[in-house]
Amino acid sequence: MNTEIKARSQKSEVRSQRQEKILHLASCILLLASCLLLFTSIVFASEDFRKRKPQAKESFTADEDIKAEIVFGRELSARILGRYQLYDDKKLTLYINLVGKGVAQYAGRPEIEFRFAVLDTDIINAFAAPGGYIFITKGALKIMEDEAELSAVLAHEIAHVTERHIVQELNIKGTEDSPAAGLARILGGGTETMRVVFTQMVDKAVEILFEKGLKKQDELNSDRIATITAANAGYDPAALKRYFEKISNREEKTEILTGTHPSFGERIDNIDSFLTKNQLSDKKQPFLKERFNENVKIR
Amino acid sequence: MPTKFIYCSLLIGLLLIAPYMVHAADLYVQSVKAPIFSEPSLGSKRLAESAKGELLKEIEKKGDWYQIDYKGVSGWVSRLLVSTKPPLGKVSILEEADEMLEKGARKRASAFATAAAARGLAEERARISDKYKVDYEGVEWMEALKIADEDASKFLQEGVER
């Protein structure tokens, strides 16, 4: 009898030891899993930081920071128009603005009033100044075949504004980690020195637009965002790719910026993989060739 | 001792996991329009189109997409078009300038000078640098053309839905 009780108590002791071991192991696994989760979230957050940074700033940006961005963009636009004259065609400008503002409705900066104009030059290019000033050349319009291509090129420039690429490239350190705030501080300085600094910043932005170009990654990101924006607006998602293919096949190429600017081949590949990833390669959406030809008569 | 270890581990583990369990947030549509898709892909079915300022309840985040609840429908929206803060209204430096000219009022300078003053100073600043030629009349010509969002929207719809 005694042996039986002893055996039973030994058994229950073994069972409780086993249970304790299992609990011990489970808690170790839980602790390890939590640490792993925390670690991976930190790693992903740091990897994604650059990508997310402009978006995070959007609504935090104070009214005056945006106004500073517009004043800066206005100055830069005056210099763009000092280099290339406006193409004075009201009907065409109205059409470009309707297309541009239509596609801008699918962009994430509601506080910006986008304005579009045509530049009287045969070079094939488009420019964006902070604050929503967008320019497209007569040369670029000449090689376009439909409204979807126009909307995609304008959407690419809109993306430079929404992502604040130029302001970030200038690397002005502002308050709350916002370059726009830095711009506002320089603009608000009021002193002669601050005015000189502001003008130098604008001149530096001119160099970025006409000589150095933006970062390769900024161009590729803007191509992807433009593809999303134009597709969301209802245009052919492959329009930007078609436009780049046309330029890359030309003998006399556009005024391609050297330095860090990606090649058209690289940009086409980038859009191609984006279209495939988003199941957009075979998606049929309007080109609007007729409406484009009715309104764009520069040949 | 082992029991203490188990309880401590469980407590620490739960504390670390807790923030991920209450992750869902309110998202506001920033763009004038934001399509809601059935999957986190632009090629998937378009379920609805939310408008600027509308509130979307976040369910999950996946890459560049948020899974959200929109009027009882679960779908996906691009992260480019939403933010955790409500969207801002249009910001302009031009209306203030015109208002000042009309009233002839002298307003107190704000943090960086009033928008109108900043606009007026543009020409003055340009003189500091002779590096580039400037054309402010061209900029004003651009700014004079005003198109309402509704007109642009109508024009777009007439085209893409034809």
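**Contacts and make-up of the chains**

In chain A, residues 24 or more positions apart account for 70% of the contacts with a separation of 6 or more; two residues are in contact if their C-beta atoms, placed from the backbone, lie within 7 Å. In chain B, residues 24 or more positions apart account for 45% of the contacts with a separation of 6 or more. Please keep in mind that this is a predicted model, in which local features need pLDDT of at least 70, side-chain atom pairs count only at pLDDT 80 or more, and totals for chains, interfaces and linings use all residues. Residues are numbered from 1 along each chain as its sequence is written, while chains are lettered from A and ligands numbered from 1 in the order in which they are written.

- Chain A has 12 helices and 3 strands; helices (H or I, at least four residues) and strands (E, at least two) are DSSP runs, numbered from the N terminus.
- Of the 299 residues in chain A, 47% are buried. A residue is buried if 20 or more other C-beta atoms lie within 10 Å of its own, exposed if 12 or fewer, and partly exposed in between, with C-beta atoms placed from the backbone.
- Chain B has 5 helices and 7 strands, and its elements run α-β-β-β-β-β-β-β-α-α-α-α from the N terminus on.
- Buried residues make up 25% of the 162 residues in chain B.

**The largest nonpolar core**

- This core holds 98 residues, and A:Ala152, A:Leu154, A:Ile158 and A:Ala230 touch the most other members. A nonpolar core is a set of buried Ala, Val, Leu, Ile, Met, Phe, Trp, Tyr and Cys residues joined through C-beta atoms within 7 Å.
- Domain 1 (2-83) and domain 2 (94-160) of chain B both give residues to this core, so the core lies between them; the domain bounds come from an automatic or database domain assignment.
- Leaving aside residues up to four places away in sequence, A:Leu154 touches A:Val99, A:Gly100, A:Val103, A:Phe116, A:Ile134 and A:Ile136.

**Helix H5 of chain A**

- Helix H5 (residues 147-162) of chain A has 16 residues that should span 22 Å at 1.5 Å a residue, and its end C-alpha atoms are 22 Å apart, which agrees. The expected span is 1.5 Å times one less than the number of residues.
- H5(A) is mostly covered, with 16 of its 16 residues buried.
- H5(A) packs against helix H10 (residues 239-248) of chain A at an angle of about 95 degrees, with their axes 8 Å apart. Axes are lines fitted to C-alpha atoms, for helices over the stretch in contact, and angles run from 0 to 180 degrees between N-to-C directions.
- That angle makes H5(A) roughly perpendicular to H10(A); angles under 35 degrees count as roughly parallel, over 145 as roughly antiparallel, 65 to 115 as roughly perpendicular and the rest as oblique.
- Among the residues making this contact are A:Ala148 and A:Ala152 of H5(A), and A:Ala239 and A:Tyr243 of H10(A).
- A:Ala148 is buried, with 31 other C-beta atoms within 10 Å. Its partners, not counting residues up to four places away in sequence, include A:Ala230, A:Tyr235 and A:Leu288.
- Just after H5(A), A:Arg164 takes a positive phi of about 50 degrees.

**Helix H3 of chain A, and where it meets chain B**

- The 15 residues of H3(A) should span 21 Å at 1.5 Å a residue, and the end C-alpha atoms are 20 Å apart, which agrees.
- Helix H3 (residues 90-104) of chain A and helix H5 (residues 149-160) of chain B pack at an angle of about 90 degrees, with their axes 8 Å apart. H3(A) is therefore roughly perpendicular to H5(B).
- A:Leu98, A:Lys101 and A:Gly102 in H3(A) meet B:Ala152, B:Ser153, B:Phe155 and B:Leu156 in H5(B).
- The buried residues of H3(A) include A:Leu98, A:Val99 and A:Val103.

**Two loop residues with positive phi**

- A:Leu288 is in the loop between helix H11 (264-277) and helix H12 (289-295) of chain A, and its phi is near 55 degrees. With 26 C-beta neighbours inside 10 Å, A:Leu288 counts as buried.
- B:Lys71 is in the loop between strand S5 (65-70) and strand S6 (73-78) of chain B, and its phi is near 50 degrees. B:Lys71 is exposed, with 11 other C-beta atoms within 10 Å.
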